[in-house]
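Student: I would like to learn how to read a structure of this kind step by step. Could we go through it together, one feature at a time?

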Protein chains: 4
Amino acid sequence: MINDILHEECGVFGTSSPPDTDFQAAYSSYTALFALQHRGQHSAGIAVSDGKKISYKKGDGLVHEVFDGKSLELLHGHESISHVRYASKQGTSGVNAQPIVISHGGDEIALCFNGALTNSHHLRAETEERGGIFQTTGDAEIMLYIIVRAFLKTGSLESAVLIAMRELQGAFSILILTKNKMIAMRDPHGFRPLCVGKLGSSMIVASESCGLDSIGAVMLRDVAPGEVLVFEQGKMRSLDSGIKASESLCIFEHIYFARPDSVIDGVSVELARQEAGRCLGRVDMEDGDFLPDIVIGVPDSGLSAALGYSQQTGVPYANGFIKNRYIGRTFIQSSQGQREQSVRIKLNAMSSVVKGKRVMMIDDSIVRGTTIAHIVSILREAGAKEVHFRISSPPFKYPCFFGTDIPSRDQLIANRMTVDEIARKFDIDSLKYLRFSDLDKISAGLTCGYCHACFSGKYSLPIQ
Amino acid sequence: MINDILHEECGVFGTSSPPDTDFQAAYSSYTALFALQHRGQHSAGIAVSDGKKISYKKGDGLVHEVFDGKSLELLHGHESISHVRYASKQGTSGVNAQPIVISHGGDEIALCFNGALTNSHHLRAETEERGGIFQTTGDAEIMLYIIVRAFLKTGSLESAVLIAMRELQGAFSILILTKNKMIAMRDPHGFRPLCVGKLGSSMIVASESCGLDSIGAVMLRDVAPGEVLVFEQGKMRSLDSGIKASESLCIFEHIYFARPDSVIDGVSVELARQEAGRCLGRVDMEDGDFLPDIVIGVPDSGLSAALGYSQQTGVPYANGFIKNRYIGRTFIQSSQGQREQSVRIKLNAMSSVVKGKRVMMIDDSIVRGTTIAHIVSILREAGAKEVHFRISSPPFKYPCFFGTDIPSRDQLIANRMTVDEIARKFDIDSLKYLRFSDLDKISAGLTCGYCHACFSGKYSLPIQ
Amino acid sequence: MINDILHEECGVFGTSSPPDTDFQAAYSSYTALFALQHRGQHSAGIAVSDGKKISYKKGDGLVHEVFDGKSLELLHGHESISHVRYASKQGTSGVNAQPIVISHGGDEIALCFNGALTNSHHLRAETEERGGIFQTTGDAEIMLYIIVRAFLKTGSLESAVLIAMRELQGAFSILILTKNKMIAMRDPHGFRPLCVGKLGSSMIVASESCGLDSIGAVMLRDVAPGEVLVFEQGKMRSLDSGIKASESLCIFEHIYFARPDSVIDGVSVELARQEAGRCLGRVDMEDGDFLPDIVIGVPDSGLSAALGYSQQTGVPYANGFIKNRYIGRTFIQSSQGQREQSVRIKLNAMSSVVKGKRVMMIDDSIVRGTTIAHIVSILREAGAKEVHFRISSPPFKYPCFFGTDIPSRDQLIANRMTVDEIARKFDIDSLKYLRFSDLDKISAGLTCGYCHACFSGKYSLPIQ
Amino acid sequence: MINDILHEECGVFGTSSPPDTDFQAAYSSYTALFALQHRGQHSAGIAVSDGKKISYKKGDGLVHEVFDGKSLELLHGHESISHVRYASKQGTSGVNAQPIVISHGGDEIALCFNGALTNSHHLRAETEERGGIFQTTGDAEIMLYIIVRAFLKTGSLESAVLIAMRELQGAFSILILTKNKMIAMRDPHGFRPLCVGKLGSSMIVASESCGLDSIGAVMLRDVAPGEVLVFEQGKMRSLDSGIKASESLCIFEHIYFARPDSVIDGVSVELARQEAGRCLGRVDMEDGDFLPDIVIGVPDSGLSAALGYSQQTGVPYANGFIKNRYIGRTFIQSSQGQREQSVRIKLNAMSSVVKGKRVMMIDDSIVRGTTIAHIVSILREAGAKEVHFRISSPPFKYPCFFGTDIPSRDQLIANRMTVDEIARKFDIDSLKYLRFSDLDKISAGLTCGYCHACFSGKYSLPIQ
């Protein structure tokens, strides 16, 4: 195999309109991919159909790097699917960018998805035994082979998709585009989010509701776990796969992945994060007399929880850090010793705010601990009297197989050290994590169950 | 003249080290320009001297667009000056980028500055009568002619610079680099900030203290209005121009221009902004029983004042908007009607936070009113019950001639309409500005006086 | 199907070395692709194997646009294949670039070729019926499916390649790379050239001998039609497919496609072209008393034949045109009427040479007639008294199905008009083509037969 | 001084049209700069005036790298000047690109030139004493200072230009653009070429007549040494500077610099080169019985002389080398030993042509000898029996101060070694140069005298 299977976090977006629409699929997709860019910065792609043929453009890089005015102009059509992709390992350039577009029997099919298959090894081997060849390291080609094979048997794309829903195992929110249809499907567990909205006579599908907002569309509902939606010229039909499974939305979407202005499976991401902060505050209040002078969120992922903590405890919320928004991925560092100094260009502590204060920092998680070490150091230099940390999720101990790029177990610091050891290692005055039982509070209102395997080790699916 | 004189807001940064230093002037300047990038996004430049010759690189664009690893490697030296520039009108590409580097009598001189001359027409005409020619539309060439002319008379660069301090009128924080000296000077009124710091055996000068922080330098003090600092190999001498003038630091630095983590002339920008918010809250409390359900800052410029408002009034502070940080300057819009929809990609309101609420928005100023109109519209769509606005500065009524890019009087909305008219025009439930008298509160602690001409029309200098 | 099947003219290059070699496969391939660039300017790609895995880089554009220093550095290995490609229709960007790299059963296979299959419709349909999917519009994927399928049956790559030699029909010079082998194969008719050479302990395969020269390698021999060469660590084995077919090297390689410094199947391209010129001169001498004042080749394709004409007839050879070598593919033309004028930037006639002269122009062929019209017009303006044309190939009347990008029959001017009509249309004083019987003269010495279907309509293979 | 004075070979182009013309100055200039690109590849620039203001665009690189469609669209106007520049040392990027555009007294002036001043040190020093400053290392700023100073005295640009003609010494073909005039001037010695032509109602000025041809303009005549031409809206006036000087056109223009299709001061460059070849042939015939089997020109600079040699001697002319036209300036070489091999990618010898032959190579000059060494080596490898060299100019022994980039005396091989020593060093079977007295033959017909200082050491001007 070219590489080990890549686990990816991604974002998808799809549209369907009547042929005479003035809705511009390519420009709208381009706009929405900006809103979904936080879900993947390594490649981007858009495929559109005008009822006769599929045109597409994709490439490595951010949305604004992949597309220019000329490439958008060339993408005509009224149905579309599009994608942003995050790759844990950067493979050979461009080759894994989605959508993957194939031809079969004179028809073109484009496919993109968010998630990861847990039976990909098996499906890949089986396909190869039948003479199949693979040009990428991702799961999209596997999905296409499964669908094409089912189509050859049944002669119906809808039937083929329902068969694929059974054969594919793992996390997948898939969009499919043919000459005249756009299809959305969410795996029976509902690991990854997917929602549907409306703008005029156009139907829109997106990984997160912020993608709908970005083009002024109104959210209708989430795609149900195990549901298939078939769109033709702006008309939507729902097919029920009939597969029942433990519903397992990834709770990390609310904790970290999703944008705060999104609402996923009935729960606002912003409010969930504030609730996590309130839970942390409640524990601190219960635990006794200590309360800090100010509470600061690690920008940007800890801001909402810090606000919740402040609301719960009355501790003043403060802006303690400035994040430099001009630093791109290409900051040039001298080869010599100034490396350490230049990291502070990315994040600077406000001395006037933290000096002499007992500071409570809130962040969403600790994976390897790199960020936390840096923050403690600049806070101390800026004159903070004490530095405390609260983490708005339980200790992250188990790897994820459902489409997030999580390091192996031994790289997870919470797996190797106790909470006290971590606090000592990073010279933190106190450290607490969200209680596992508080996950129920931040997920209150979810229309489905949630996956907590990365905290509990209890996977909803057998892992091959 | 090639164009009308451009008024520019800019950032400067300079370093001086012993020749055997391991301080890397070019890489440090590059890093610090990122921290000062908010002061100018149109061009960037770095000039360094190794004691024998000046090398430089400059160009149009952001810091990361102008410099690459190769260009930084080629800039050897232990003294440097560097610059980021904001241009109200983009002139012919590249020509106005600073530092301007000239040769005269076998010596090279590089110069860059932040500010604007008020007697540039006069000085330019006079120089042309003597046979001078101008290749740019900015004031830097004028400054160089004045300095060179004074040098021809006195034979001393220090004397020439002191003469220039008298002949140049207006706002100027200037850095000069020769083969073996780096000179910093601040105009007698002190319109634009300039501070000095230290890192090891290197001396550092920067428009704002956040530039010092970015490379780990410690701030020593502000450069005094009318002061000239001469640096050689890390040694600093102060020359007193002896010119007395009304000290007039631009108060808009604290209100909007500067970065919150900077401390300018003794006052923290973050705390000044919080104080502005407290002043606004105090007025609301005094004015009677109305208090909103939540207070939200317009990102990013209104966040600090919103926090102050919340602290003063007890109204909960909320994150109400998500700003898309992937949108660059090149967002492609379709030529058709989707333009309106796509603006919301830049800023999205969080429905879950504002729905059904009486929302208090805080922003730093209203210039033309474009932003406010957009914010009101997306708040209403997101379900806000009422939308109130508080502005953390007095009404902006008079143009600025001291180096900020301010539209002419008739483009300033506060000049043409009353507060009530503005509120009605933008469909705001209530609108209040900071009281002029409260400027004293937010500037409390300044080591010098401040300029409020844009609010009061009282200029510290005659305008030609 | 995504598009109509594309017929392409391409160049291939492969290397095999011992693992401890100091031969640098990627840099040598890069160099050789420059020498083969005339065979394809639309995409380029290099794949190398280090015995463990295949690394590759490919993309749209010229060799110097696709590769930079960093990308070459990353391509480690001692066996390699590489490719330049010409596409008649530009498809979706990048997708058709070769080598195509696939994985199957844990092994990677890379493939690139020059030619075109005549049974691609059939093989594609058959593959799709078995569940195969196609991501490109070219024939390389078909070849890979056929080879993989044969491999599944036989368990041997060598056997699989020999089976593929039978199943594939048409023109193909194929290079294949696996973890530890490089394989070269030439179709039984030998439509496209392929030769093998040696440099130190490395074996080299190239479309033309100029590719060998470019890296200092010595040519050993041509790959025989129907032959398979297997290379491992610099060792070569020859497999005989046993298939007998009419040997049919494309005679247009000698007339136009190949570089003059190449020797193909035993015949020097330069000398073949000179011989064509001599044949043309002989006919003019036989035909009677007319002889021109000077003979000029259309740069660059007519130069060698013009020299032969001069040698035969004693008519002075002249440089009559200057070709602008700075014009790239991106010359910008104003939208208005200056288009006509600006075409002469590409080719300018030397008035001092042609003024008052009876000029004999030699070119290799007339396809649509665009070039000839332009040349006649600038010669007349430059003062030529008479303009005669001789074409160093017979009239081009029939389409090619063997890997060259030839327009359909009705676009071929020789198919619609007589020689006299063409001469009148372009205002030529006299026009003659090479006699069909003279093809034997220019191909004298060929180690195999040649294909003349484009002149005679007699195809060596049934066309589907 | 920023650097040592740069000596540059450049090309200029200017146009003047009625305001209502449909002649597009910017596009025509762009086209003509391609035709003049051989005169300078380091920077390019175009300035146009629409009667109100001057717009311009310039930058480092080839014409196609500096300009794109958008930049040409922005250059409106009916008068223009433009420039390509060759720099011996690459200075700080972009700063020396021409035209230089200045403003003075509310007026803009743009200037570009080909040549070099011999009194630049003096004029620069004098200007600096008056308070002038220099931003570039070239002579264009000096010219502007001189013209502006004269304008301040006389109030007339025409008078100022005539004064400058006296004060400037050396080689200069200058173009000047103001709001409503385009001025062309050629130094009294006429070192550098400059000619004038016509297209419709537009007047055109160019360094070489091939620039006129490129846009379809007809050549009228050369600009006379010491002549000033003033153009307004397509009308031309000639001013006589009245300065008499020894006319000294650089004979190297005909030998090497100019394009073969240009006619300069009455003599065709192509025919002059052929004559040089004939002179070389005549000497070989006189010298006795030796004659080679074939004669080959070093591409591209020796082709015309080789043709002349063949015409004179009857020795067959041959194409012996293929020059790779895809190699740009950025060919990437591996760091290791393959460097030598990869140089042959640029030039390959045709073995089929040279094998077993006594080869006569013709080139225009030997400067350092690098090229000749390479050619001898690949000819020997390709099987040439003997390698002879003839040089179509006398030995190059003295530096040039008139605008060509010639190395210092000790780098000139002809200065350090005899002809026999050079032949031995490069393993040449025989070597001869053009006889100095034959320069009169190749310049026969010139309307002015010529400069031969590089061969004779006799300079027409004192060198400071």
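Student: Where does B:Gln233 lie, and what is its phi?

Tutor: B:Gln233 sits in the loop between strand E12 (227-232) and strand E13 (235-240) of chain B, and its phi is positive, about 50 degrees, although the residue is not a glycine.

Student: Is C:Asp265, which also has a positive phi, buried or exposed?

Tutor: C:Asp265 is buried, with a relative accessible area of 2%. Its phi is about 45 degrees, again without the residue being a glycine, and its place is the loop between strand E15 (263-264) and strand E16 (267-268) of chain C.

Student: Which peptide bonds are cis?

Tutor: One cis peptide bond joins B:Gln98 and B:Pro99, with omega about 0 degrees, and B:Pro99 is found in the loop between strand E4 (79-85) and strand E5 (100-104) of chain B. Another cis bond runs from C:Pro299 to C:Asp300, with omega near -10 degrees, and here C:Asp300 is in the loop between strand E17 (294-297) and helix H10 (303-313) of chain C.

Student: What does the side chain of C:Asp300 meet?

Tutor: The side chain of C:Asp300 forms a salt bridge with that of D:Arg325, at 4.0 Å from N to O, and for the interface of chain C and chain D the rule finds one salt bridge. The elements that give two or more residues to the side of chain C that touches chain D are helix H1 (25-35), helix H3 (69-73), helix H7 (209-214), helix H9 (269-287), H10, strand E18 (321-323), helix H11 (339-343) and helix H12 (351-354) of chain C. The largest share, six residues, comes from H1(C), and by class this side of chain C has 24 nonpolar, 24 polar and ten charged residues.

Student: How many residues does this contact involve, and how much area do chain C and chain D bury between them?

Tutor: In this contact, 58 residues of chain C touch 58 residues of chain D, and the two chains bury about 4,600 Å² between them, with 57% of that area on carbon and sulfur atoms. Twelve residue pairs are in polar contact between chain C and chain D, both residues being at pLDDT 80 or more.

Student: How many salt bridges does the rule find between chain B and chain A?

Tutor: For chain B and chain A the rule finds zero salt bridges, although twelve residue pairs are in polar contact there, both at pLDDT 80 or more. Among the elements of chain B that each supply at least two residues to the side touching chain A are H1, helix H9 (269-287) and helix H10 (303-313), and H1(B) gives the most, with six residues. The contact takes 58 residues from each of chain B and chain A, and the area buried between them is about 4,600 Å².

Student: Why is H1(B) described as largely enclosed?

Tutor: Eleven of the eleven residues of helix H1 (residues 25-35) of chain B are buried, so the helix is largely enclosed by the rest of the structure. Among these buried residues are B:Tyr27, B:Tyr30, B:Leu33 and B:Phe34.

Student: How confident is the predictor in chain A, and in the complex?

Tutor: Chain A averages a pLDDT of 91, with 93% of the residues scoring at least 70, and the complex is given an ipTM of 0.91 and a pTM of 0.92. Over residues 1-7 of chain A, however, pLDDT stays under 50, and the model has 23 contacts for them beyond four places in sequence. Where pLDDT is low, the predicted coordinates should not be read in detail.

How values were computed. Residues are numbered from 1 along each chain as its sequence is written. Chains are lettered from A and ligands numbered from 1 in the order in which they are written. Side-chain values use heavy atoms; hydrogens and water are left out. Buried means under 20% relative accessible area, exposed over 50%, partly exposed in between (1.4 Å probe, protein chains only). Helices (H or I, at least four residues) and strands (E, at least two) are DSSP runs, numbered from the N terminus. Contact means heavy atoms within 4.5 Å. Buried area is the accessible area (1.4 Å probe) that two parts lose on being put together, summed over both. A polar contact is a pair of N or O atoms within 3.5 Å; within protein, one must be able to donate a hydrogen and the other to accept it, and residues adjacent in sequence count only if both atoms are side-chain atoms. pLDDT is the predictor's confidence in each residue, from 0 to 100. Ala, Val, Leu, Ile, Met, Phe, Trp, Tyr, Cys and Pro count as nonpolar, Asp, Glu, Lys and Arg as charged, and the others, Gly among them, as polar.
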